[in-house]
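Here are some notes to go with the coordinates you are about to open.

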Amino acid sequence: MSAAALTGRGRGPREGIISRGAAMLIMGVFTLYFLIPVWWLLISSTKTLGNFNRTFSLWFTPTSLSDFAANIGSLFTYGGGLFPRWMLNSIVYATVAGGLGTILAAMCGYALSKYGFRGREAIFNTILGGVLVPATALALPLFLIFSQVGLTNTFWAVFLPSLVSPFGVYLSRIYAASSVPDEIIEAARIDGSGEIRTFFTVAIRLMSPALVTIFLFQFVSIWNNFFLPLIMLRDQSLFPVTLGLYNWNSQVNTYPDLRTLVLVGAFVSIIPLLVAFLSLQRFWRNGLGAGGLK
Amino acid sequence: MSSVATGVRNVAPSRSKKRGGLRNKRAVFLLIAPFGVLFLAFYLVPIIYAVWESLQVIHRDGTFGAPTLVFGGLSQYALVFQNSDFWASVGRVLLFGVVQVPVMLGLALLFALLLDSPLLRGKRFFRLAFFAPYAVPGVIAAIMWGYLYSPSLSPFKLLTSQVDLLSGGTVLWSIANVVTWVYVGYNMLIIYSSLLAIPTEIYEAARLDGAGQFRIAWSIKIPLIAPALVLTAVFSIIGTLQLLTEPEVFKQFSSTISSTYTPNLLVYSTASVPNVNLAAAFSVVLAIATFILSFVFLRLTQRKAVQA
């Protein structure tokens, strides 16, 4: 199918009609595949439990607007405001740990790119090996270590491991090499700027588009992280939103009302990410390109 | 410091670099140490700790003796390789990977090539629409698809009332669909951005030679973006072996998913028994297997690229 769609044996406009039509058809069908589940989630979050079971699942009901408002109301108040608490936790874990982690990775990657010193490649290769170590393989030993120092079931148990992004160091090194010219560092030196100050005033600014990309990567991996909080946390008030909704969904059979909250919560929880993603898409492309080519 | 810098100004670059290296030791240390300490604490130490734990066994003096941890050599690893649940779970993710990774990357490549071809209108829209699922966390995507698959709640009752998508025989592919749905757009974007980096003059020449879009895609574009394809393949392989979130959520929808369905679920359930030492051995074997697979794949594809 794909071959036929892409085949344009004839030149010029004849390549047009059939190939164009086939291409648009493929993309159109898959647009439905990608968007219908999200659309369904939106529709479902505007329904009461009764309407969810009875009415057509892909369109609104006459009372959708008021039901949506009511659903949102119970979502934010259920269990003493657990859901807003979870959203806040996810935002703090992802933005603070992601932001700090990005700066630390940038410092390290910059140093590995701009200074020659003994053991540089050994350090870089060790960190690069870290990219291939699956995060889930680390979760269990991390739990054992944290339980020895009494830090399981705390904010730090999720926050601290989230700071480390070996992939960020790898990307930073590439970006620093390509976007911070040695002459500028040398010029700063001649002006009497210390090395650390040069990094924070000059280099970090030149690397900033790349840093946004690294931040996005880390933000998403922390936001999506499930295994680490699942293992580390027992206290509901520390949960990120993913673990919280998972927890609610496990109780749906006992408390059917929770099903509505799970669906509304799922919908509300993806809005901030969707907005952030789509508006920052440029940075994704740039970053992914650099990661893929080098 | 500035006097040193002025002294350096007029000497040959190579010498200045060398002297700079010594002078900058402190700076290098300050720049690397913060990440280094955290990397040590939350990557290297856990790995070493897991290996150490996996070499211990619990020893009891008689049936009622107090349990003590003693060095057991590789005996936990012997248990790992004798464990039939372990092999079943490994077999399952391998089957999953052999089918899902090529399908997902094939689709991603097709979409990227279409986006890069002159055949399409509304490229921006398609790019956004296809990438959007990546913003949905695995847990949420799994919950959502869990309802979409359910025989009684799905909007696609015509299908789900005929075929039980959550039964033992089909649920693995239902999970594969969730993973594909989330990650196709992400991989598409990686491939697409490397397509954009190809200079367009190359196509002009091919066009003058009478090559059509398909020919250009097959003979020029795909070979040139091979590095991006390798990268996406390696990350997909790592992701497949780590499969955990989606099956864990699907347990809530389907009783056919056992607590040992994937290697990572096996680690989790073994650790909650609790048999920490065996769980650590599972983790170590899994990490090594991931490492080897990614490495072998990188090697194989690199050799191919050199031969071509």
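This is a predicted model: local features need pLDDT of at least 70, side-chain atom pairs count only at pLDDT 80 or more; totals for chains, interfaces and linings use all residues.

**Notes on the core, the interface and the charged pairs**

1. The largest core holds 169 residues, and the members with the most contacts inside it are A:Tyr110, A:Trp248, B:Phe111 and B:Phe250.

2. Leaving aside residues up to four places away in sequence, its contacts include A:Tyr115, A:Ala176, A:Val180, A:Ile185 and A:Phe199. Also among them is a residue of the other chain, B:Leu31.

3. Next, the interface. In total, 101 residues of chain B are in contact with 105 residues of chain A. The two chains bury about 9,500 Å² between them, with 78% of that on carbon and sulfur atoms. Helix H3 of chain B (residues 25-54) supplies the largest share of the side of chain B that touches chain A, namely 18 residues. By type, the residues on that side of chain B are 76 nonpolar, 18 polar and seven charged.

4. How many salt bridges cross the interface of chain B and chain A? The rule finds zero. Polar contacts are another matter: eleven residue pairs across this interface meet in one, both residues being at pLDDT 80 or more.

5. Over all chains the structure has seven salt bridges. In one of them, the side chains of A:Arg189 and A:Glu195 come together at 2.6 Å, N to O. Both partners count as buried because their relative accessible areas, 13% for A:Arg189 and 5% for A:Glu195, are under 20%.

6. In chain B, B:Glu248 pairs with B:Lys251, with 3.2 Å between the closest N and O atoms of the salt bridge. Here B:Glu248 is buried at 4% relative accessible area, whereas B:Lys251 is partly exposed at 30%.

7. Some salt bridges share partners, joining A:Arg120, A:Glu121 and A:Arg173 into one network. Within it, the side chains of A:Arg120 and A:Glu121 meet at 3.4 Å, N to O. A:Glu121 is partly exposed, with a relative accessible area of 38%.

8. B:Thr232 belongs to helix H12 of chain B (residues 226-241), and beyond its neighbours up to four places away in sequence it touches B:Leu105, B:Asn187 and B:Ile190.

Key: Residues are numbered from 1 along each chain as its sequence is written. Chains are lettered from A and ligands numbered from 1 in the order in which they are written. Side-chain values use heavy atoms; hydrogens and water are left out. A nonpolar core is a set of buried Ala, Val, Leu, Ile, Met, Phe, Trp, Tyr and Cys residues joined through side-chain atoms within 4.5 Å. Buried means under 20% relative accessible area, exposed over 50%, partly exposed in between (1.4 Å probe, protein chains only). Contact means heavy atoms within 4.5 Å. Buried area is the accessible area (1.4 Å probe) that two parts lose on being put together, summed over both. A salt bridge is a side-chain nitrogen of Lys or Arg within 4 Å of a carboxyl oxygen of Asp or Glu. A polar contact is a pair of N or O atoms within 3.5 Å; within protein, one must be able to donate a hydrogen and the other to accept it, and residues adjacent in sequence count only if both atoms are side-chain atoms. Helices (H or I, at least four residues) and strands (E, at least two) are DSSP runs, numbered from the N terminus. Ala, Val, Leu, Ile, Met, Phe, Trp, Tyr, Cys and Pro count as nonpolar, Asp, Glu, Lys and Arg as charged, and the others, Gly among them, as polar.
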